[in-house]
Structures are given as C-alpha cells and as structure tokens.
Amino acid sequence: MYHKTTPDNLLYSMRVLLAVIIGSLYCTLSFATEQNSATYRLYLDADQTNSISSGQSIELGIRAAFSEVNWKLGNYKVELVLKDHHGSTPRSQYHLKQFLEDPLALAVFGGLHSPPLIASRNFINENNILTLVPWAAATPITRAKTNENWIYRLSLDDSKAGKVIVEDAVVKSGFTHPFLLLEDTGWGQANKKTMTQALESSGQKASGIHFFQWGIGQHEARAILEDAISKGADSFIMVANAPEGITFAKAMLSIEKDRQRPIRSHWGITGGTFFDSLGVKAVSQLDLRFIQTSFSFLNEPLSSTAKQALTSAAYVKGLNKIDPTDIKAPVGFIHAYDLTRLMIAATKEVELSGDAKKDADLIKAQLENLKSPVTGLIKIYHQPFESYHTKAFDAHEALGLTDFIMAKYDSAGNIKLIGTQEETPTAVGQ
C-alpha cells in the first residue's frame, strides 16, 4: 500500500538517519579512543629483597628512559609491573606464568640473577616471551638450542667476562696458581667452563676449583680458603653475589696477613651491600678487583646522553638533581637505560597495533633489524642484535669484549675503572 510522504514522516526519517549516523560515528570514535588509550605492561622480574640495589637500579634505568618518551610506545601507554623473585627460580617461573595470563603484557626485563633465566630459557622461547636482560651474565641465557630465541642481553657475557677476569689475574697481575671459587649454580658452572678455557689459552690452569652454596658461613669459607692456600693457591678468582662475597672477604681478612691472597671477582658482589657491609678499612685491606662495563658517570666530561640520563633519573625520583653516587649498583641503571632505549627505537620503526602479543612479534623482529643507530651511555649501537640461529653465537648480545673492563673500590666506596686514563670512579655500592 502506498503511503504519501508527509513533512512529519520525512522529519522522522531524517531523525532516524541522523541517529544512525551519530551512533556509528560514536562507535567509531569510541573504538579509536579505546585503541589509542590501550596500555602495554612491562614486567621487571628481579630480586628486590636480597640484592635490592641491583633491582632498584634496573627499575630506575627503565623508568628514566621511558620518562623521556612520556611513558609511551607509539600511541600507547606503558606501565611497569614490579615482580620480586628474591633470587628464587620457582618464584620467577610463577611470574612468567602470570605474564602469559596478562593480555597487556608486552615484555619482561630480567634482573641480576642468572639461574632463573637459565632454568626458564626454554619456557621463555617456547611461549614467545620477549625478554630483555640488563644484568644476568651467564653464557647460556641468550644461546638457545633451537633457532627460536626471544632473549636479548645488554650486559656482561660470561663467555667473554671470564677471559677479561683471567687476563687481569694471569697477564696483568702475574698470578700463576689461581684458585676458582664459584657459586654452585648454572652461573658458576658456566664460568667454570669459560674460565678454565681462558686459563688454558694463557698457558695456565687452576690450582683448584670449589663450588660453594648460597648462604655459606664464614667458618666454612675460611676453611676453603685455608685449604686452597696450603695447596699453593696464589690468588682467587671468584664468582659470587654480594652475600657470599662478603662472607669470603671477611674470611680472607680473618687469615694471617702474610697468608692472605688477592681476589679477582665477577661483578655479582657489587649488586648488594658489599662495600657498606665490610666498611672502608676492611675493603682497603683487600687486594680486590672485579669486572665492569666500560662506562662511568664520573668520567668527565659527560656526554649529552649521560647528562640527559641523570636529568631523567632525577625527574623519576622527584628531585631537581641527582648525583651519580646516589645511584646504587649503577651498571643496572646504565644497562637498563640503554636496553630500554633500544626497545623504544625498535617501536619507532614499526606500526604498533595495541595488541601486546602481536606487537611483541614486531618489536622482536625490529630489534634484529634496527635501521638507525641508537645513542646509549656505553656506546652508539649500530644494529646490536641479529637474527638468531644456533650457530650465531653472539646474535643476541649487544656488548662485546671491548666493552668490558676491570675495576676496584676507592676509599669512599666509589668504583674506579682500571685501565682508563684517570681510573675514574663510577659510583658507590655498584
């Protein structure tokens, strides 16, 4: 049946059409707003209890770098989720499972400890968890046994660190009977391999090797030292974190002065309260050196990037200015800052969707194909990562042998890089 169009009907139809258009436009704008307001979550899975200075320094480095881009990746907001694994592998694995259940989770930053990352390496790669490592140094972490590798490191690499430490002991210090003192973990086991190889390359061999447990007592530590010295050890090469490092240092100082031996150490001792716990007098009595990476905030003149990093750190902490010596365990800050900058640079070269899982794939691919150099604190990074396959040993290592150096504490607890022009101090309690 034909209905004559009246002004009232026409007006009604126009109102309906307008409502549909407005409704559609609202939905489109709402969807766009929702997309643009999407949030990525970055997890920091580190020890914030037993080696608190290391975890805090990594956190500060991440926050400083993101503060410079207004806490955004592309058009999307970024949040940092702190997870304290206490150095425990099971706790760390639980955090990774939480990460997988979080639809907004984009990437994980690791901490000081290598064992959790070694134990979870296969799980990380099988579940495509983008993992960025600014401290843990064990060789196997970035060397997957399959071509699927989601772990990227900007830190020491023990396949090279052992060579630097051994060279300082044997070539520069002239020791001929070093004793390897290694924590009984995957980190210690990995260092046994690289350090014995480095000794062999130098025409030496270890006078002995001892693996110790976490929480070792001073009495047991002294017995180990005394036995090694009695059998001819003229020095000790130590792989330990701060708690056990403190124990062995106190044990060494309890031995008669003429029987005390020099210690060349991995940097694990600098991730806690080593200097503060021992005190100036005790540390000054030790012949102690340890490995670091080759950047110091106290090495004048500071680059514009270094000045910016300190300004950003002060902003994050709500201060007008921050002194480098206020950053405890500064290598954590330095590496996390540079590594976060690399991640940010990768996101600028791709078009993010707001879907964390899909975008993790994009970021991973771009980390291996960065088009533009990225200026960091340690150096300018030119394509620091490459596509991984099982024979590409260093594909996921941003630093190389020339980026490592030995260091020591000065009387104020600052760290001096040995071999630089002025042996410039780094910072207290690194």
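Analyst: Start with one term: two residues are in contact when heavy atoms of theirs lie within 4.5 Å. Keep that cut-off in mind for every pair of helices below. Keep in mind, too, that this is a predicted model.

First, the setting. The protein has 430 residues, and 54% of them are buried. Its chain forms 14 helices and 15 strands. Look at the contacts whose separation is 6 or more: 72% of them join residues 24 or more positions apart.

Now go to helix H13, residues 330-348. Which helix lies about 100° from H13? The partner is H12, residues 304-316, and the two axes are 12 Å apart. An angle from 65 to 115 degrees counts as roughly perpendicular. H12 and H13 are therefore roughly perpendicular to each other.

Who touches whom here? From H12 come Thr305, Gln308, Ala309 and Ala313. From H13 come Phe333, Tyr337 and Arg341. Sort these residues by class, and you get four nonpolar, two polar and one charged. An α-helix has 3.6 residues a turn, so residues three or four places apart point the same way.

Between H12 and H13 runs a loop, and Ala329 lies in it. Find Ala329 in the model. Its phi is near 50°, a positive value in a residue other than glycine. Is Ala329 buried or exposed? Ala329 has a relative accessible area of 0%, so Ala329 is buried.

H13 has another neighbour. Helix H2, residues 52-67, brings its axis within 7 Å of H13, and the two cross at roughly 35°. This crossing is right-handed. On the H2 side, the contact uses Ser57, Ile58, Leu60, Gly61, Ile62, Ala64, Ala65 and Phe66. On the H13 side, it uses Gly332, Phe333, Ala336, Tyr337, Thr340, Arg341 and Ile344. By class, that contact has ten nonpolar, four polar and one charged residues. Now check the names against the H12 contact. Phe333, Tyr337 and Arg341 meet H12, and these three residues of H13 also take part in the contact with H2.

H6 covers residues 158-172, and H7 covers residues 186-201. Their axes come within 8 Å and cross at roughly 50°. That angle makes H6 oblique to H7. H6 passes H7 in a right-handed crossing. The H6 side of the contact is Asp158, Ser159, Gly162, Lys163, Ile165, Val166 and Val170. The H7 side is Trp187, Asn191, Thr194, Met195, Ala198 and Leu199. The residues of this contact divide into seven nonpolar, four polar and two charged.

Then move along to H8, residues 218-230. How far does H8 reach from its first C-alpha to its last? The 13 residues of H8 span 18 Å, close to the 18 Å expected at 1.5 Å a residue. The buried residues of H8 are Ala221, Ile224, Leu225, Glu226, Ala228 and Ile229. After H8 comes Gly232, with a positive phi near 105°.

For contrast, look at another helix, H5. H5 spans residues 121-126, and Glu126 is found in it. Glu126 has 63% relative accessibility, so it counts as exposed. Follow the chain 20 residues from Glu126 to Thr146: their C-alpha atoms are separated by 9.8 Å. The loop between H5 and E5 holds Asn128. Asn128 has a positive phi near 55°, and it is a residue other than glycine. Asn128 is partly exposed, because its relative accessible area is 37%.

Finish with the loop between strand E5 (131-133) and strand E6 (151-153), where Thr142 lies. Thr142 has a relative accessible area of 0%, so it is buried. Leave out residues up to four places away in sequence, and Thr142 touches Asn149, Ile151, Arg153, Tyr388, His396 and Glu397.

How values were computed:
Residues are numbered from 1 along each chain as its sequence is written. This is a predicted model: local features need pLDDT of at least 70, side-chain atom pairs count only at pLDDT 80 or more; totals for chains, interfaces and linings use all residues. Side-chain values use heavy atoms; hydrogens and water are left out. Axes are lines fitted to C-alpha atoms, for helices over the stretch in contact, and angles run from 0 to 180 degrees between N-to-C directions. Helices (H or I, at least four residues) and strands (E, at least two) are DSSP runs, numbered from the N terminus. Angles under 35 degrees count as roughly parallel, over 145 as roughly antiparallel, 65 to 115 as roughly perpendicular and the rest as oblique. A crossing is left-handed if the near helix is turned anticlockwise from the far one by less than a right angle, and right-handed if clockwise. Ala, Val, Leu, Ile, Met, Phe, Trp, Tyr, Cys and Pro count as nonpolar, Asp, Glu, Lys and Arg as charged, and the others, Gly among them, as polar. The expected span of a helix is 1.5 Å times one less than its number of residues. Buried means under 20% relative accessible area, exposed over 50%, partly exposed in between (1.4 Å probe, protein chains only).
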